[in-house]
Amino acid sequence: MNPSAPAATDGIPPPDPWPANLVTVVLASAVVAGALAMVVIAWRNDGTAINTYLFMDCGLGPGIASALERSAAGLALATTIAGVARRSGTWLWPSAGYFLVEAIARRYVQGQAYSEWALLTDAPRYLTPVALTAWYAAAHTAGQWREGWRQTAAWVLRMALAAVFATHGAEALKGNPAFVDLIISSGGNLLHVRVAEGSARTILQLIGLMDCGIAGAIILWARPAILAWAATWAAVAAFARLTANGLGAYPEVLLRASYFLGPTALWALQHAARPAFRATERPALVSTFPA
Amino acid sequence: MMITDPFLRPLARPASAALLRAIVISACLLAVVSAGEPAATSTSPRELPPLAHFRVTWMLNPATTALVSWTTPAQGASHVVYYDRQSRDGRLADYAAKLAALPARKYLTFPGDAGTPDGWAQNALLENLVPATTYHFVIASDGKVSREFQFRTAPADGRPFKLIYGADSRPARPDPKVPHLNRRMLNRLVAATVEQQPDIIALAHGGDYDSHAEWRFLREWLSDQELTIGRDGRILPIIPNRGNHEGREGHSTFEDMFFWPGRTTPYYYATELSDRATLITLNSNASKGGDQRDWLETELKRQRATPGKWIIVQYHVASYPSYRPVEASAAQRQHWVPLFEQYRVDLVCEADDHTLKRTVPIYEDKADPERGVIYIGDGGFGVPPRVPDTTRWYLQPPGFSTSALHFHVLDFTDGALRVTAIGLEGQTLDHFEVHAKSAASLAVP
């Protein structure tokens with residue numbers, strides 16, 4: 001026990017080790033995958049919206065813009081790996097900040113459909129490190145403190161996942177052309193079926209409704225079945241980048257790792273609580289920390 | 001599992017816990033609040049005269065149809081185009097024909113446009129024109145009368161003609177109050193080029209006109225575009241393409257800037273430049289594999305039924321990019337490129353990467369001088385140029401790529417298509433010829 005950690009356990013025993021370990025592994029995998037994807041994209045020619053912002057808006061030379069972006073992405077990956085290795089939330093903040101800045105830059109430079117929603121669609125990317133930070137804090141503390149941080153981690157994930165499912169649902173309902181092509185291209189590549197655009201749009205309507213339903217359910221109930229479905233569906237949507245556009249699109253899957261690993265981590269977080277707390281899961285706004 | 005992290009010790013204090021939650025909640029609120037429109041940039045809008053932004057748009061049947069458009073500061077009541085096949089020096093009563101404008105359309109504005117005076121798009125669709133003919137026209141809006149302009153209709157026969165292709169004319173910084181000097185220089189160069197080569201009939205713009213497809217930005221592009229008007233008042237009709245910075249359907253001022261009455265597709269269409277050449281405009285913002293692909297196949301089959309016809313395609317995001325990763329255009333290479341190859345498209349004009357490029361002739365993702373399609377681009381009509389990745393296989397000789405502002409002149413003369421890239425100083429940056437592919441070299445579709 002760390003001497004600085006609160007000694008009182010309030011009679012609450014520590015969580016089961018296996019779901020606790022699962023939370024750590026899954027969340028750590030998600031943040032490392034995301035940071036790795038950013039490095040891969042930064043090292044390709046076009047880079048992220050940060051590169052575009054530095055080059056177009058700040059007037060930096062293309063070489064300097066790329067060097068800055070690559071350095072920042074590399075630093076974010078290095079600190080993420082260090083943070084995971086040291087189980088230190090502090091080291092995760094650079095990657096959270098990098099993802100947040102990238103989302104802001106994408107929203108600012110535009111050029112992509114629905115880029116004005118980037119802060120919502122990217123929420124799991126920059127909030128998963130925050131959730132992992134809270135989880136590390138939970139592991140660092142005991143009793144009600146542990147429970148407070150566990151619930152904070154859970155609610156950060158719930159808000160992030162709800163944001164991404166809701167915005168993707170809205171985009172699907174609006175018929176985002178990129179989503180239409182994911183269906184058409186995947187249908188052709190996997191099943192050798194030519195899906196008409198009208199059919200793809202009908203499917204997207206159903207997907208949109210389902211995504212919005214999942215977003216609401218994650219906030220309101222977050223039952224294991226819902227989380228399992230959310231994880232499965234998010235994985236299908238992420239890996240559709242590969243089935244539609246080939247294996248070269250793997251960074252797009254890595255970027256979305258937090259989308260399908262997030263529900264898994266959330267499920268494990270629920271099981272990392274003692275039954276008494278599972279039944280009283282509530283928003284982090286209502287403090288479970290000792291007064 | 002016990003963690004010993006000195007950095008986390010402060011988190012065991014209530015104040016720190018509250019701070020962390022406050023940060024998370026603030027981030028979420030920020031995301032929700034800012035999910036609407038991008039923040040406004042500072043604007044000091046250029047003063048517009050009562051009549052401004054004179055332009056002619058071609059989309060369908062340019063031999064007989066042209067859309068004359070302009071901007072007024074208010075909706076107004078009376079907007080008329082007077083036109084004739086002879087110059088009448090602005091004497092309204094002498095013009096042979098006049099046409100009232102369609103109902104005025106207010107340019108779509110966004111929250112960032114606050115402080116920029118509204119503008120109204122006036123459009124008059126001139127139909128039943130005579131092919132290959134110069135039309136002189138003046139615009140009269142609520143008592144204000146423009147100078148006399150002129151434009152030429154497209155030929156309907158096999159006579160030679162030229163076409164300018166340019167794309168990506170947005171500035172470095174999205175600030176409408178900063179003059180876009182490179183764009184203005186290139187526009188003046190276009191005007192000079194047209195004076196030297198009067199057989200240039202139109203300007204195909206490959207998209208990304210300005211940083212954002214919002215009124216305060218596009219009004220600047222429209223003002224700069226007037227610099228392409230010749231000293232004799234000749235306006236080069238624009239064949240517009242939608243770039244990724246033109247936003248999505250129904251959420252962009254682009255649709256007011258390039259309105260077309262009765263438009264049935266999201267800006268993919270075929271423009272018959274003559275009875276020997278067609279320019280097909282595709283929309284890389286729309287679904288590539290859906291209705292657009294079906295339309296493209298039908299259109300290519302129809303066009304290819306005319307033996308020896310030149311088929312040129314333009315769209316914004318490159319299928320064979322010179323800067324962005326090749327993987328990023330997988331959908332286009334899956335859905336469009338096989339059709340280009342099957343129907344023996346002669347030249348593809350691309351954009352988006354802010355470089356000058358010419359690929360080797362490409363067929364089934366390999367260099368093939370006999371059956372391959374050449375792709376040019378990649379957009380340098382004023383945008384800050386990027387440094388291309390010259391190591392890509394399709395940019396090796398005779399292909400090439402470099403960092404340069406430019407536009408292309410496509411010369412359809414004597415059974416060959418001559419392509420010339422013109423630089424900012426008017427210098428030739430690239431020149432090559434395309435010869436019609438023999439039908440025997442390819443499987444008949």
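Author: What follows is a set of questions about labels, each answered from a value and its cut-off.
This is a predicted model, in which local features need pLDDT of at least 70 and side-chain atom pairs count only at pLDDT 80 or more, while totals for chains, interfaces and linings use all residues. Residues are numbered from 1 along each chain as its sequence is written, chains are lettered from A and ligands numbered from 1 in the order in which they are written, and side-chain values use heavy atoms, with hydrogens and water left out.

Reader: Why is the contact between D89(B) and R91(B) called a salt bridge?
Author: A salt bridge requires a side-chain nitrogen of Lys or Arg within 4 Å of a carboxyl oxygen of Asp or Glu. For D89(B) and R91(B) the N to O distance is 3.8 Å, so the pair meets the definition. By this rule there are 40 salt bridges over all chains.

Reader: What makes D89(B) exposed and R91(B) partly exposed?
Author: Buried means under 20% relative accessible area, exposed over 50%, and partly exposed in between (1.4 Å probe, protein chains only). D89(B) has 61% relative accessibility and therefore counts as exposed. R91(B), at 44%, counts as partly exposed.

Reader: Where in chain B do the partners D210(B) and R183(B) lie?
Author: Their side chains form a salt bridge at 3.0 Å, N to O. The pair links distant parts of the chain, 27 residues apart: D210(B) is in the loop between strand 11 (200-205) and helix 3 (215-225), and R183(B) is in helix 2 (residues 181-196). Helices (H or I, at least four residues) and strands (E, at least two) are DSSP runs, numbered from the N terminus. D210(B) and R183(B) are both buried.

Reader: How do you know that R293(B) and E297(B) are separated by about one helical turn?
Author: They are four residues apart in helix 5 (residues 291-304) of chain B, which means about one helical turn between them.

Reader: Which residues of chain A are linked in a network of salt bridges?
Author: The network consists of E102(A), R106(A), D122(A) and R125(A).

Reader: Why do strand 13 and strand 21 of chain B count as edges?
Author: Seven strands of chain B form an open sheet in the order 13-14-15-16-20-17-21, with mixed pairing. Strand 13 (269-274) and strand 21 (400-402) each have a single partner strand, so one side of each is left without a neighbour in the sheet. Two strands pair if DSSP finds at least two bridges between them.

Reader: What makes strand 15 and strand 16 of chain B a pair?
Author: Four bridges join strand 15 (residues 310-317) to strand 16 (residues 347-351), and the two run parallel. At least two bridges are required, so the four found here qualify. I312(B) has L347(B) in strand 16 as its bridge partner.

Reader: How many helices and strands does chain B have, and what share of its residues is buried?
Author: Chain B has seven helices and 24 strands. Of its 445 residues, 62% count as buried.
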